[in-house]
Amino acid sequence: MEERKQRIPRSLVFLALCGVAGLLALAVSSGHATPQEDDGFRADIMSISVLKDYGPLTQPKVVFLHDKHTSALAKLGDKYKAQCNTCHLKDKDGKTGLAFMREANPASGSDLKKIYHDGCIGCHTGLASEGLKSGPLDVQCKSCHAGEPAVKSSWQPLAVDRLLHFRHAKTQEKADNKCGACHHVYDEAAKKTAPAPKEEQVPGSCAYCHKATDTVTPGGKPEKVRSLRLASHGECVTCHLETAAKGPNTPSGPATCSGCHAPLSQKDIEANNTKQVPAGADLRIKRHQPDRTLILALAPKAKNDPAAKSFTMAPVPFDHKAHEARGLSCASCHHETLASCGTECHTVAGSKEGGQVTLAQAMHSQTSDHSCVSCHAQEQKKPECAGCHSQRKPADTQDKAACATCHTTPAPAAPEALAALAAAPASAARADELARLASQLLDARPKAAPMLATEDIPEKVNIGSMAKDYEPAEFPHRRIVLAMAKAIKDSTLATAFHADETALCRACHHVSPVSKTPPHCVSCHSASGPGPDGRPGLKAALHGQCMGCHKAMGIEGKKPADAPADAKPVPLNTDCAGCHKQAKK
Amino acid sequence: MTTHASAKNGGGSLFTPFNVICGIILLIGAGLTVLRFTGGLGAVTALDDNNPWGIWIAFDLLCGVALAAGGYTTSAACYVFGLKRYHGAVRPAILTAFLGYALVVFALHYDVGRPWRLPYPVFVQQGTTSILFEVGLCVFIYLTVLFVEFLPVALEWKGWPKTRNVLVKLTMALTILGVVLSTMHQSSLGALFLIAPTKLHPLWYSSYLPVFFFVSSMFAGMSMVIFEGSMSHRWLHHKMDSGHLDASDHVVLGFAKAASYIMFGYLSLKAFGLAMDNRWHYLLTGYGAWFLFEVLGFVALPCYLYAVGARDKNIGLIRKTSILAVLGIVLNRFNISLVAFNWQLPSADRYFPSLGEIGVSVFVVTVGLVAFKFITTRMPVFFEHPDYPDHH
Amino acid sequence: MNRRTFLGLMGAAGVTLGTGSVSHAASAADVKGLPDSGAVLFDATRCIGCRKCEEACNTVNELPKPQAKFDDLKVLETPRRTHADVFTVVNKYQPAGAKAPVFRKIQCNHCLEPACASACFVQAFKKNETGAVSYDASLCVGCRYCMIACSFGIPAYEYNEALTPRVRKCTFCEPRLKEGKLPGCVEACPKEALVFGKRSEIIRIARQRIMDNPDKYLDHIYGEHEMGGTAWMTISGVPFKELGMREDLGVEPAGSYTSGALSAVPVVVGMWPVLLGGIYAVSKRKDRIAEEEKQKAVTDAIARASADAEAKLSEELTKAEVANKRRIEVEVKKALEAAAQSQTSGEEE
C-alpha cells in the first residue's frame, strides 16, 4: 500500500520534469548561434564548406565574417604583424595563397578538418588565454557551424567600368609594365604567365580566361587557370596592400570585403571616381579599335559557285567610339573575347565556338545581356522613353521597317565590292575602307529627328465622347508632344529610330496607319466595353494610355522640370478631377 | 449539504444556497436571452466575421456532445456487451446524455441566427453535402432516441405501467440505434473542421479528425459517467439504493480500465496522424508545446492514472483522474475550434469570449444542473421503483 | 474469438473507413471548369486604387453609405475585409522591392465548387449558370458554417440584426447579369482592371495578356485552379503572396475534404447494427451456454450423488442380509444344541 501510494506522486514528478525539459529543449532548439555583432547587413559573409568535396557534410556550413577577422587582427597589429599571412600562407615564390593555412587541399577530409579546427580554434584559444575577446572555442560547434548567417548579406559584385579602369591605368602610365601591371599573356617558352606590355597584346577582360571556377584544360595554354574570384582577389587585394604599405600618402584601393562589395562603398567608389577623373578626360580603353566600322554579314559561299552573291542582310554602319561610351567596359558587348563578333564565334550560320548562336541571334536577341537590340530595349525603359514604349504592343515592336534604320547599303558600293572587302584579310587598309563606308552612311543620318510642323499638331484636344459623371477633358496635346520631343532630342538612338515625323504620334495613335490626321480613338475602341480580341473599351483605352504613360514616366503628381512656376503638376492617377472636372448634377 | 431546509427556516424552504445561486444565474440568463433576441448576436457575443464560432459552439455544442457520450457507452456496455453489473449506471448515464443533448439544442437556439429555422435542414431542404446536415440529423434523431430511452423513468414516476413496459422492450433496438447515431455525429463534429485545412493548425488538422473525435468521445463519456457518479455520490447519496451503491465501484473500475485502453489507442492514432502527414517539426514550436501539453498532460497522464487506479482498485484516484480526462476533452475541443483555429490571423484579430457568452454558457449548464437535481430527487434514476423490480 | 480481439478489429475497421477513398459529391465535378459560366478577370497591374468599384457596389446593392467617402484614399492605409454592408474592398499593398504600391480588390470569388455551398446544411448557397454563387436568405438558419468553410474568408454576418440576420457577400450582381448588364464594379472601373466574360474566354484573355507582356505579369492565373477553380481570377506583376493572397490553398475544392467522412456514413448505418447485433448475439450466447453448462453441472452432480447413494444402499442391504442369515444359523445351531443336550440328560434317569 505504501509503495503504491508513493508511486503516483513519483510518476507525476517525473512527468512534470519531462514537461519542463521539453519546454527547455523547445527554447534551446529554436535558437541558433547569434553573431556577436548585429550590423544589419554585411558584405563579408563567407560560407565555408570545402569538406563537401570529400563526402556529405556532417555539420552545417561555417559562416565566416572575413572583415571582422581582418579588423580584429589589425587592432592587434603589433602581435600579428604578418596580417594576411597569419592565415594565408606564402608559397615558395613568396606569393600569398588564398587558401586557409595550406598550399593545397590534403588528400583526406579529416586532415582538412584538422587544418581548419587547429587554425581557427587554436587562434581563438590563444587569444582567450591572453584574456582577449575571441571567437568560439572548442565544443561550441554550432557557433561556427551556423549553416545560414543570422545577418543578411549585402554583398554586390564589383564591375570594372571605364572610370575605374581609367584610374587604375593612370597609375601605371609611367610604370614599366603599363598594361602588363594587371593584364598578362601566357609565355609558352617560360610556361607561365608574363605581363602584356603593349596595348595590342592585352587579351582583354580578366573574365575572358578566369571563369566562375578553377578550370583545367589539358593541353591548354595555360593548363590551369584560377577562378575569377581567386584571380581578382589574389591580384587586386595584394596590389592594394602593397601600395598601401608604401606609406600613408600613397592612395590605394580597399583591401576589405566591404570596401569593394558593400553597396555604400560602391557608391563611394563611384563618387570618388567621378571626382578624381578630370573633366573631358579620354576614358577610352585603347586597344587600337576602330572609331567607326561597317558590320558585314557574310554568309558561307556556295561551295561550287565562287561568284554567287553571298550577302544575307544589308551591312550595318557602326559608330564604335560612340558606343564605347555607353557600356560599362569592352566586356559589355565583347563578352568572351575582344575579337569581332562574327569572325569566329557568331558566324552567320552559327558555330561551335559561339554556342551555335547565329550572328542574327547574337545581334537581335531580346533576352541576352550583350546583343544590340536588348541594350536598345534597356534604353527604352528610361523614364523619358518609357511613357510611349511601355504601352506598345508586341506587334508594334516587330515593325519590319525599323530594320532599315540599322541595315543600309552604302550607295555606290557594289555587292561584289563589299563581298571582296568582307573576304579580304584584316589589314589597316581594309579597316580604313570599312570606316569610310560607315562614315558615309552615319553622316547621312539626320542629326535631329524630323517633327511635324507645330501648326499640324493640334493644340488642345477635347476628349468628351463618353462624358457622363465628368465633364470632357481638355487635353494639352501640343504642349505634351513638344515636351516629349524636347526630352529625347539629344538621344542619338531616338533620333535614328524616330525616322519619320509621325514616329512620336504612334505611341498613342497606334495600330492604324500613321498620318497627320489619325482616327479618333472611338473608331476602334467601343464606348460600350472591351472588344472580343481583348482590346480595351474606350474608357479603359483613354485611361490606360494617359495613366500608363504618367506611371511609366514617373511624373504622377510632379511638375515637369522646365514648367512655368504656376503650372499644375501632373494629376495623380486617382485624382479624377485633376484631368476632368466633376459634372454638375 | 442537504436539500432539506435547515431547522431555522422550517421544513421545505426553497432558499437553499444551491437554489439561490442557481436562481441568480437563471435570472442573469433570462436577461441575456432578452438581450440576445433584441440586439442580435453582436449585443451579447464577441463574434466577428473572422471568428464566426465562439464558446457557444466550442463548449456548449462540442464539449456538450462529447461529454454526453456516456449514454451510448454505458448502454452499449450493459445491453450490447451484456455486462450486467453496469445496469445501475445506465439510467444516470442516459439522463446525463439526454440532458446534455437537450442543452446542446437549447444552447444552439442562442447561437444560431434564426433558431426557429433549426428544423429546416430536416424538413424543408436538405444540404446533403454538408457535414453539419449529418450532425443535425443525427442529433435530432438521437435526442428522440434518448428521450424514448429516458421516458420509462418518467413513466414509472407517473405510474403508467403499460406504456412503460412497451418502451422497455425497445431498449435493445434503441441502444444499437444510439451507438450508430453516436458514432456518426460524434465523428462528424470532428469532420466539420475538415473543410477548412487552411484555417486549422497542422498539428490539430488531420484527415483522421472524425476518428479522433469518435474515439475520444468514448472515453469522454466514460470519464463523465465516473465524474457525474462521484458528484452524485457526494450530493445525492441519500437517493441511491443498495443495488446502485453495490455496483457503483464495479462501474468505476470497469470504465477506468476501458477508458485507459481506449486512451492508449487514441494516443497511437494521434502518433500515426502526425507521422502520416509528417508534422513532427511542428512539435518544436509554441503551438507544438501546447499540443504536447494537451495530449501528454490530459490524455497520456489520465491514461496512465486510470490504469494504475484500476489495477490498485483505487476509486479515489480514478475519480480525480476523471476530472483530468473531462478537462482534457474540453481542452481538446477548445483547441480545435478556438485556439488552433485561425492560428495564422494576427493576434489583434483573434477571438476571446465576451462576458455575455460566458454568462449564457454558465446559464445553460445551470439549467442542466437544476433539471438533473429535479429529476434525480424524484424519479427512479438512482433507485429502483418498487413497482418495477429490475430483471437482470 | 474473444471480446478483446473483436474490439481491436472493430477499431481497425473504423480507422480504415474514416480515411477511406474519397467519393466526390456528384454536383459540379462532372462539369470541367464550367467554361460558359460568368467570370471576371482582375488585373492587378491596372488597378490604381481609386475605389470606384466600391462606390458602384454600394450604389447598385443599395448598401448604407460608409463614414469615410469613397474618394477618401486614406482608408487604403489599413487593410480591410468584407463586412455585413461592404461586399467588396480594395486594399493597398507595398510588395518588397517594388517602387509603387499595388492594389487588390477583394470580393467573393464565386468558386466553381464553393465551400459555402458544400458546407450549408440547407443548401442556401447555389452555383448558378450565370457564374454567381447566390445566397437564399429565406432558408438560412444562421449557423455560420459557411464562414468557417470559406478559405478566402469572404462571407460576413449581420451580427447586429436580432431576428433577421443574414450572411452577406458579393452577389455578382446577378439581377444585372440576367439583364445582360455588367456587374456594377466591372462597369465602374476606369482602367478596365475588371473584365467580365465567359470563364473560358476570361482565361484566354488572361493568358494572352501574360504572353504579350512577359515582363509585366507573373505566369500564373490565380483562381484558374485554386480551390477547384474560381470565377473571379487575378493576374499580377508581383507574387500573389505580396497581395495578401494565400498561395497554399491547393487545387482541391473544399467539398472534397469532407466527402470522405460523409462516405463513411452509409457504411456505419449498414454495418454497425450488424456488428453490434452480432456482439449482442455472441454475448447472449455466451451467457446461455454458461447457463446450460451450469445446469448440466448441477444435474450431473445430482445424478452422481444419487448413484453413489444407491450403491451404498445395496451394499449395506447385502451386508445386512448376510449378517441376518448368519445370526439365524447361529440361533438355529444354538437351539439344536440345546435340544440335543436336554435329550441326553432325560435318558439318564
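This is a predicted model: local features need pLDDT of at least 70, side-chain atom pairs count only at pLDDT 80 or more; totals for chains, interfaces and linings use all residues.
Angles under 35 degrees count as roughly parallel, over 145 as roughly antiparallel, 65 to 115 as roughly perpendicular, and the rest as oblique. Residues are numbered from 1 along each chain as its sequence is written, and chains are lettered from A, with ligands numbered from 1, in the order in which they are written.

**Chain B overall**

- Chain B has 14 helices and zero strands; helices here are DSSP runs of H or I with at least four residues, strands are runs of E with at least two, and both are numbered from the N terminus.
- Read from the N terminus, the elements of chain B go α-α-α-α-α-α-α-α-α-α-α-α-α-α.
- With a radius of gyration of 21 Å, close to the 21 Å that the globule rule gives for 392 residues, chain B is as compact as a globular protein of that length. The radius is taken over C-alpha atoms, and the rule is 2.2 Å times the number of residues to the power 0.38.
- The C-alpha trace of chain B spans about 60 × 55 × 45 Å along its principal axes.
- Buried residues make up 49% of the 392 residues in chain B. A residue is buried if 20 or more other C-beta atoms lie within 10 Å of its own, exposed if 12 or fewer, and partly exposed in between, with C-beta atoms placed from the backbone.
- Of the contacts in chain B with a separation of 6 or more, 79% are between residues 24 or more positions apart. Two residues are in contact if their C-beta atoms, placed from the backbone, lie within 7 Å.

**Helices α4 and α9 of chain B**

- Helix α4 (residues 70-80) of chain B packs on α9(B) at an angle of about 135°, with the axes 9 Å apart. Axes are lines fitted to C-alpha atoms, for helices over the stretch in contact, and angles run from 0 to 180 degrees between N-to-C directions.
- α4(B) and α9(B) are therefore oblique to each other.
- The crossing of α4(B) and α9(B) is left-handed; that means the near helix is turned anticlockwise from the far one by less than a right angle, and clockwise would be right-handed.
- On the α4(B) side, the contact residues include B:G71, B:Y72 and B:Y79, and among those on the α9(B) side are B:M172, B:I176 and B:S182.
- By class, this contact of α4(B) with α9(B) has seven nonpolar, six polar and no charged residues. Ala, Val, Leu, Ile, Met, Phe, Trp, Tyr, Cys and Pro count as nonpolar, Asp, Glu, Lys and Arg as charged, and the others, Gly among them, as polar.

**Helices α12 and α13 of chain B**

- Helix α12 (residues 286-312) and helix α13 (residues 315-339) of chain B pack at about 155°, and their axes are 9 Å apart.
- That angle makes α12(B) roughly antiparallel to α13(B).
- α12(B) and α13(B) also cross in a left-handed way.
- Residues making the contact include B:E294, B:F298 and B:L305 of α12(B), and B:L317, B:L324 and B:L331 of α13(B).
- The contact of α12(B) with α13(B) divides into 13 nonpolar, five polar and one charged residues.

**A look at B:L331**

- B:L331 sits in helix α13 of chain B.
- B:L331 counts as partly exposed, with 19 C-beta neighbours inside 10 Å.
- Setting aside neighbours within four places in sequence, B:L331 is in contact with B:E294 and B:F298.
- The C-alpha atoms of B:L331 and B:C63 are separated by 9.0 Å, though the two residues are 268 apart along the chain.

**Where chain B meets chain C**

- The contact takes 51 residues from chain B and 55 from chain C.
- α9(B) gives the most to the side of chain B that touches chain C, with nine residues.
- That side of chain B has 29 nonpolar, 18 polar and four charged residues.

**Chains C and A**

- Chain C has nine helices and nine strands.
- The radius of gyration of chain C is 46 Å, well over the 20 Å that the globule rule gives for 349 residues, so chain C is more spread out than a compact globule.
- The C-alpha trace of chain C spans about 175 × 50 × 40 Å along its principal axes.
- In chain C, 39% of the 349 residues are buried.
- Chain A has 21 helices and 12 strands, and 13% of its 585 residues count as buried.
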